[in-house]
Every structure is written in C-alpha cells, then in structure tokens.
Amino acid sequence: MGESNTIQQLSVFLENREGRLDDVLKVLASNDVNIVALSLADTSDYGMLRMIVSNPHKGRLALKEAGITAMLTDVVALRVPHAAGSLGRAMHQIVEGKVNVEYMYAFANGSDAAAVLKSDDPDRVTEILKDSGFDVYSADEAYRANQ
C-alpha cells in the first residue's frame, strides 16, 4: 500500500464552562504551537475540540503538562480543488469503497482546500482517494498550511 499519508489531529474534551477554550488556546500559543484548522462541537455538558496543529506531539505534551487531557488521532486531509462537485466526487469514491467516515471538517489552504476526514480505516481512505485521482496532504504540508 505504500507510505501512509495520515496526519495527526489533536483532540481535547472541554467541559462546557466559561474560559475552558481560552485555557487551551493560551497553552498552545505559549508553547508556539500554531493552529492550522479546528472544529468545535458541543453538547450540554462538554465540547470536543479537534485541531490540526503545527506540532501535534508538542501540543499534546504542553496540554498534558497544563493538566488538560488531549489525544492524538490519525486522520486524512484530502486536497480538494476549488471546483463545484470536487468534494462530492471524492466522498462518492469513499462510499463506493465501503469505508465509513465518522466526521469531517474543512479549511482553506491556498489555491486548494482541505477536508479532514476521520474514518475507521484512514490508510484505505488514502488508497481509494489516490486511486481515484485525488491527492491527500502529507503531515508536513498539513501542519504548515497557509504559511
């Protein structure tokens, strides 16, 4: 299958209380960890902050040292051309490949966009996308997007 093109996403469970997001952002900033993309979803009790950052391991360690639980998750960052239907065609290929996408969020990246995909088989998603003519970002590209 070749080399893996998965990247690592930094995920943090946040209590739904004032200042919790601010705490996380301050820790990352004070440790020179840049946020490239993020998604924040909430329920009545907690939120889930998912981020692509410049250095996921450093970010996780800094948060841990600050008493904030964080984890790293393998995801795929699909390179999506700015053209109508591009994302739909890519997602159709994943469906045809019978791989489930658990969640997705996107960010602009220069002349392209990226869709961050979490699935139960990220290596298979990468293989399907590449075999269908799509490209995925390497970790180096994703962690320094728009720089």
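## A helical pair in α4

Arginine 124 and glutamate 127 sit three residues apart in helix α4 (residues 122-131), so about one helical turn separates them. Helices here are DSSP runs of H or I with at least four residues, strands are runs of E with at least two, and both are numbered from the N terminus. An α-helix has 3.6 residues a turn, so residues three or four places apart point the same way. Arginine 124 and glutamate 127 form a salt bridge, with their closest N and O atoms 3.2 Å apart. The term salt bridge means a side-chain nitrogen of Lys or Arg within 4 Å of a carboxyl oxygen of Asp or Glu.

How exposed are the two partners? Arginine 124 is partly exposed at 30% relative accessibility, and glutamate 127 is partly exposed at 28%. For these words, buried is under 20% relative accessible area, exposed is over 50%, and partly exposed lies in between (1.4 Å probe, protein chains only).

Residues are numbered from 1 along each chain as its sequence is written, and side-chain values use heavy atoms, with hydrogens and water left out.

The protein chain has an average pLDDT of 89, and 95% of the residues score at least 70; pLDDT is the predictor's confidence in each residue, from 0 to 100. Where in the protein chain is confidence lowest, and where is it highest? Helix α5 (residues 139-143) is lowest, with a mean of 81, and helix α2 (residues 56-65) is highest, at 97. Where pLDDT is low, the predicted coordinates should not be read in detail.

## An arginine with two partners

By the salt-bridge rule, the count comes to six. Side chains of opposite charge can pair when their charged atoms come close. One of the salt bridges joins the side chains of aspartate 135 and arginine 79, at 3.2 Å from N to O. This pair links distant parts of the chain: aspartate 135 belongs to strand β7 (residues 135-136) and arginine 79 to strand β4 (residues 70-81), 56 residues apart. Arginine 79 counts as buried, at 18% relative accessibility, whereas aspartate 135 counts as partly exposed, at 34%.

Arginine 79 also forms a salt bridge with glutamate 141, and here the closest N and O atoms are 3.0 Å apart. Because arginine 79 lies in strand β4 and glutamate 141 in helix α5, the pair ties together parts that are 62 residues apart in sequence. Glutamate 141 is partly exposed, with a relative accessible area of 27%. Through shared partners, salt bridges join Arg79, Asp135 and Glu141 into one network.

Which residues of helix α3 (residues 86-96) are buried? They are Ser86, Ala90, Met91 and Ile94. These residues cover an arc of only 125 degrees around the axis, so they lie on the same side of α3. The arc is taken from the directions between the helix axis and the C-beta atoms. On the face turned away from the buried side, α3 carries the exposed residues Val95 and Glu96.

## Two positive phi values

Most residues other than glycine have a negative phi, and most peptide bonds are trans. Lysine 98 has a positive phi of about 60 degrees although it is not a glycine. Lysine 98 is in the loop between α3 and β5 (101-109), and counts as exposed at 75% relative accessibility.

Aspartate 32 also has a positive phi, near 55 degrees. Its place is the loop between α1 and β2, and aspartate 32 is exposed, with a relative accessible area of 64%.

## Strand β2 and a nonpolar patch

Leu21, Leu25, Leu38 and Leu40 form a nonpolar patch on the surface, and together have about 310 Å² of accessible area. The elements that give two or more residues to this patch are α1 (20-30) and β2 (35-42). Patches are made of residues with over 30% relative accessible area and no salt bridge, joined within 9 Å for like charges and within 5 Å for nonpolar side chains (Val, Leu, Ile, Met, Phe, Trp, Tyr). Areas come from the Shrake-Rupley method with a 1.4 Å probe, and for residues only the protein chains shown count as cover.

Leucine 40 is in strand β2 and is partly exposed, at 46% relative accessible area. Serine 39 is also found in strand β2, but counts as buried at 19% relative accessibility. Leaving aside neighbours within four places in sequence, serine 39 is in contact (heavy atoms within 4.5 Å) with Met48, Leu49, Arg50 and Tyr105.

Definitions and conventions:
Predicted model: local features only at pLDDT ≥ 70, side-chain atom pairs only at ≥ 80, totals over all residues.
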